[in-house]
Amino acid sequence: MLAYVIVSLGYLAVLMLQYGAVSRTPLLSGTADLVLLYIAAWSLHQQSKRFWILALIFAAIIGGISINPFFLPVVVYMAVYYAGSFIKGQVWQTPLLAMFLLTFTGTLLLHIGYLGVLFFEGQAFDWRVVLTQITLPSVLLNMLLAIPVHAIVTELARIVYPRGIDL
Amino acid sequence: MQKIFNPKNLRNLIIALVVVGLLFLAVSGYLTPLFSLGSSPLIGTQGWLSRQYGAMRDYFTSPRDMAQLRSRNAQLESELALLQGQIVALQEDLGSMRVLEALMGFEKEHPEYRYQAATVIGREISPFQQYIIIDKGSNQGIRHGMPVVTEKGLVGRIDAVIANASRIQLISDARSVVNVRMQTQRVEAQINGSLTGEISINMVPQNVDVQVGEVLLTSGLGGSYPPNIFVGQVLTMQSRQNTLFQTGSVQAMVDLTAVSAVLVITDFTPVDITPLLP
């Protein structure tokens, strides 16, 4: 129970940081996605069987706030969560590498989703501009922030799972 | 059958049903009062966080060089003196114009709007969309479609509203289209946003000689925005022989990446012309 409370409080802090500061600090036109990093990091550290419920709620909150269709963040964040849970069982000796892998693929997946929505809405865009001005800077920011987010979540995981208790 | 309905699966099924049910209720709007109750302290905290961020940004980005500040101050003072001279000349022109207007029987329009001030507390998570979130909502009289300005010019319009917060679509968003007219040329055109937040001007006839620095104001066409609000200035223009219209880039009057407070025009009702479109 303590795990759920701490993770949820952490999520609220991440959500407010994302909307209040991180989204307003772009690199070219790209911005970091702390929520993606937070879910990815917890997917690599969680030891609870029903953690997916929290991940789903976190994703649904973003789906509700965002201008994008509700399903898009839900699908991508849950995909990242399940990918993280899968990787955790495969390459658990290198969690930071797994975090980078999740961050990179998650960011690309999310951007493909955003662009897909815009494409179906009939918005014209230049792939080169999108790649150089938005996606690559976003990937870079996410990769840079992945290290501190992973470190913080690792410390939090030590607090909430002191002996690796399976909830 | 017993395997399917063993206690473990049943428990997971019930949890899944509860989660899906809650999501359905949330999407259907039945949980809106609950969300409103829960969102108020969050919005307050978000506003505090946003103000701290703004203060930190100002601290790190403000100029430190005193000599540079003094020289800039002197330059601004000389510009002020020049502008004061221009004001006197313009006031004289205004006096004669009023006489002419009275003679022609026209009344000068002075639309007076009511404003609701709001603080920007967040920005859309997707870098592809240019939206901001403010700390005023339907409880403060904000409604969908209301225009949003600052003292410098147009910012955008209200896109979505909840009890104590609203989302604004900026004029730099890719979906945004604003009908404008040029201040000196009296030619009408359109400005569009983009995925990267850059603004372009379109639909400018080829025979119009648009000067760089031309000021753009809202034309009021389409009924989405009131007329005569400053929008931006023309940065560059491109004219190709095989196209019907000229295009160009626009610098918005308002710095849309750093806007921290806005005014919502609450007594302007946008006209929905969608049913009239062919």
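Which helices of chain A are included in what covers the buried residues of α4(A)? They include α2 (34-45), α3 (51-65) and α5 (95-120) of chain A.

## Basis of the model

This is a predicted model, in which local features need pLDDT of at least 70 and side-chain atom pairs count only at pLDDT 80 or more, while totals for chains, interfaces and linings use all residues. Residues are numbered from 1 along each chain as its sequence is written, and chains are lettered from A and ligands numbered from 1 in the order in which they are written.

Helices (H or I, at least four residues) and strands (E, at least two) are DSSP runs, numbered from the N terminus. Helix α4 of chain A covers residues 71-90, 20 residues in total, and reaches 28 Å from its first C-alpha to its last, close to the 28 Å expected at 1.5 Å a residue. The expected span is 1.5 Å times one less than the number of residues of the helix. The buried residues of α4(A) are A:P73, A:V74, A:V76, A:Y77, A:V80, A:Y81, A:G84 and A:I87. A residue is buried if 20 or more other C-beta atoms lie within 10 Å of its own, exposed if 12 or fewer, and partly exposed in between, with C-beta atoms placed from the backbone.

Helix α2(A) has 12 residues and a reach of 16 Å from its first C-alpha to its last, close to the 16 Å expected at 1.5 Å a residue. Because 12 of the 12 residues of α2(A) are buried, this helix is largely enclosed by the rest of the structure. Its buried residues pack against α1 (2-20), α3, α4, α5 and α6 of chain A. Among them is A:I39. Leaving aside neighbours within four places in sequence, A:I39 is in contact with A:A55, A:F58, A:Y77, A:V80 and A:Y81. Contact requires the C-beta atoms of two residues, placed from the backbone, to lie within 7 Å.

## Nonpolar core

The largest nonpolar core has 93 residues, and those with the most contacts inside it are A:V35, A:Y38, A:I39, A:Y77, B:V155 and B:V231. To this core α2(A) gives the most, with 10 residues. Such a core is a set of buried Ala, Val, Leu, Ile, Met, Phe, Trp, Tyr and Cys residues joined through C-beta atoms within 7 Å. In soluble globular proteins, nonpolar side chains tend to be buried together.

## Contact between the chains

The contact takes 26 residues from chain B and 32 residues from chain A. On the side of chain B that touches chain A, the elements giving two or more residues are α1 (7-28), α2 (32-61), β1 (115-123) and β2 (131-134) of chain B. The residues of that side divide into 15 nonpolar, eight polar and three charged. Here Ala, Val, Leu, Ile, Met, Phe, Trp, Tyr, Cys and Pro count as nonpolar, Asp, Glu, Lys and Arg as charged, and the others, Gly among them, as polar.

## Organisation of chain B

Chain B has three helices and 12 strands, and of its 278 residues 29% count as buried. The chain is divided into domain 1 (7-52), domain 2 (63-108) and domain 3 (111-270), with bounds that come from an automatic or database domain assignment. The centres of domain 1 and domain 3 of chain B, taken over C-alpha atoms, are separated by 33 Å. Seven residues of domain 1 of chain B are in contact with nine residues of domain 3 of chain B. The domain 1 side of this contact divides into one nonpolar, six polar and no charged residues.

## Strand β5 of chain B

Five of the five residues of strand β5 (residues 166-170) of chain B are buried, so this strand is largely enclosed by the rest of the structure. B:S166, B:I168 and B:L170 point one way from β5(B), and B:R167 and B:Q169 point the other way.

Strands β2(B) and β5(B) pair in the antiparallel sense over four bridges; two strands pair if DSSP finds at least two bridges between them. Strand β4 (residues 154-161) of chain B runs antiparallel to β5(B) and is joined to it by five bridges. The strands β4(B) and β5(B) form a hairpin with four residues between them. Opposite B:I168 in β5(B) stand B:I132 and B:I158.

## Positive phi in chain B

Most residues other than glycine have a negative phi, and most peptide bonds are trans. B:M203, in strand β8 (residues 199-205) of chain B, has a positive phi near 65°. B:N228 has a positive phi of about 65° although it is not a glycine, and is placed in the loop between β9 (215-218) and β10 (230-238) of chain B.
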